[in-house]
Amino acid sequence: MINFEEELKRFQPIPEVNQAEQAIYNNDLKDISDIVQVVTAEIKSNAMGTSNPVTGRIG
Amino acid sequence: MSSKKPVVCPVCGAQIRKSGYCSNCYMHISIIKKAYNTSDYYYNMGLDKAIARDLSGAIESLNMSLRYNKKNIMTRNLLGLIYYEMGEVVMALSHWVMSVNYKSSGNLATKYLKELRSNPTTLADVDQIAIKYNMALDYAKRDDIDLAIIQLKNLLSKNGHFVKGYLLLALLYIHFGNYEKARVTLRRVLKIDKANPLAIHYLHEMGDTDMNIIQMRMEEVEDDGLLEEEYIEENVIRRNNSLMDEDPSDKKSNPIKDFFEKCKNTLFKKKVAGDISFAKYSGVYVLVGMVLGVLMLGFIIVPAQRKSLRKENERIIKTYSEEIAAKESTITSLDAQVSDLNRQIARLESNNSDDVNPLPDYTYITNGMTDEDIQNMINNE
């Protein structure tokens, strides 16, 4: 059974033209290469001080 | 001697080392290639769905494609085009702008943006549509359904491809219990986006089967009259009438409404969610109508007629009784007069019989006498 109140929550306001800039910024999602880069940077920063968790060598 | 062109990292543009890792971002080229291949795979899937007019499915696939490669220009452009087709121009703009940002030359998005910018009226209309939709949504949330419907009709007459507007309109019609109009509205959605999950969900909830939905996609929507003024007026009038009929004091319980609901639930309880084809039950309606007619005749009309007849009889009897009483009183008074006169007659007769020395008869004396003789005689007496 359709619950009007619940269904209405699915509908969100759409951006107006003057909010397009914000929509573009919101659209800047992270893809898989961004995630890999973040992970790589973390590993690199860890390796600078301590031993690398992957290789075990001192960076 | 041949100079080998260095391999460049597609992510950051730095040189790839012999080991296959990027010298800047330290990503392995095979991972990047794999990610980009997967992105293209989802793009192709999205394109197939878009060609089949499964726009919601295409958006899903293209978003997945962007998860693997956010710089996939083709994906961005197609996503923008799909949003534009579904009436969400601002979303389309944002994807095209991103696309142009990643690749400025030889990009189809440049053409799209140029076309949009060249016509300020279109952008103004887009803005108006967004404002009106948000306003309609606000009205709907505040339970001003009539105003919400009017706003949605208005914006849909300007942009007949605004899927979100149709979906909200359909939901409002369902809320009103106007399933036919909801179906007409959802049919328009299915014409634009064949497998819109929300539209199909609403149709299933209204009791439509998958076969009905397939049939619905084939039907023409141009002459369905959805955006005609009558629809708005009819709806508003119906709503207002229903509001006027409702007594605020009886808001909590309306026995007639409750009875109708009870009957509806009893008669049509096999249906899940209001898919009541009233035409199918015309025979039942006729039967119920006849029974109600007979009951009304027996319990209301006949007793009322009897009561009125009894009252009429009583009134006639009362009139005649009064007339009879008046005549009886007249007769009594006349009887009294008769008896009085009779008594007078009897008394006079008795007086006559009691008189033993009547007056002397002078006729024989007066015979042959003159008037002068009679006068003299009276004088002498």
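User: Which residues touch the most other members of the largest nonpolar core?
Analyst: In this predicted model, B:Ile82, B:Leu167, B:Leu168, B:Ala170 and B:Tyr202 touch the most other members of that core, which has 65 residues. A nonpolar core here is a set of buried Ala, Val, Leu, Ile, Met, Phe, Trp, Tyr and Cys residues joined through C-beta atoms within 7 Å. Buried means 20 or more other C-beta atoms within 10 Å of the residue's own, exposed means 12 or fewer, and partly exposed is in between, with C-beta atoms placed from the backbone.

User: Which helix gives the most to this core?
Analyst: Helix α8 of chain B, residues 163–176, with ten residues. Helices are DSSP runs (H or I, at least four residues), strands are runs of E (at least two), and both are numbered from the N terminus.

User: And what is B:Leu167 in contact with, leaving aside neighbours within four places in sequence?
Analyst: B:Val189, B:Leu198 and B:Ala199. Contact means that the C-beta atoms of two residues, placed from the backbone, lie within 7 Å.

User: Quick check on the numbering and the confidence rules?
Analyst: Residues count from 1 along each chain as its sequence is written, and chains are lettered from A and ligands numbered from 1 in the order in which they are written. Since this is a predicted model, local features need pLDDT of at least 70 and side-chain atom pairs count only at pLDDT 80 or more, while totals for chains, interfaces and linings use all residues.

User: OK, how do α7(B) and α8(B) pack?
Analyst: At an angle of about 150 degrees, with their axes 10 Å apart. Axes are lines fitted to C-alpha atoms, for helices over the stretch in contact, and angles run from 0 to 180 degrees between N-to-C directions. The residues of this contact are eleven nonpolar, two polar and no charged. Ala, Val, Leu, Ile, Met, Phe, Trp, Tyr, Cys and Pro count as nonpolar, Asp, Glu, Lys and Arg as charged, and the others, Gly among them, as polar.

User: What about α6(B) and α7(B)?
Analyst: Helix α6 (residues 120–141) and helix α7 (residues 145–158) of chain B pack at about 160 degrees, with axes 8 Å apart. So α6(B) and α7(B) are roughly antiparallel to each other; angles over 145 degrees count as that, under 35 as roughly parallel, 65 to 115 as roughly perpendicular and the rest as oblique.

User: Where is B:Asp143?
Analyst: In the loop between α6 and α7 of chain B. B:Asp143 has a positive phi of about 70 degrees although it is not a glycine, and B:Asp143 is exposed, with 11 other C-beta atoms within 10 Å.

User: Now B:Arg53, what is its phi?
Analyst: Near 65 degrees, a positive value in a residue other than glycine. B:Arg53 sits in the loop between α1 (29–51) and α2 (55–68) of chain B and is partly exposed, with 16 other C-beta atoms within 10 Å.

User: How many residues of each chain are in the contact between A and B?
Analyst: 22 from chain A and 38 from chain B. On the chain A side, α3(A) gives the most, with five residues, and that side has 15 nonpolar, four polar and three charged residues.

User: How many helices are in chain A, and how many in chain B?
Analyst: Chain A has three helices and zero strands, and chain B has 16 helices and zero strands. Buried residues are 8% of the 59 in chain A and 25% of the 381 in chain B.
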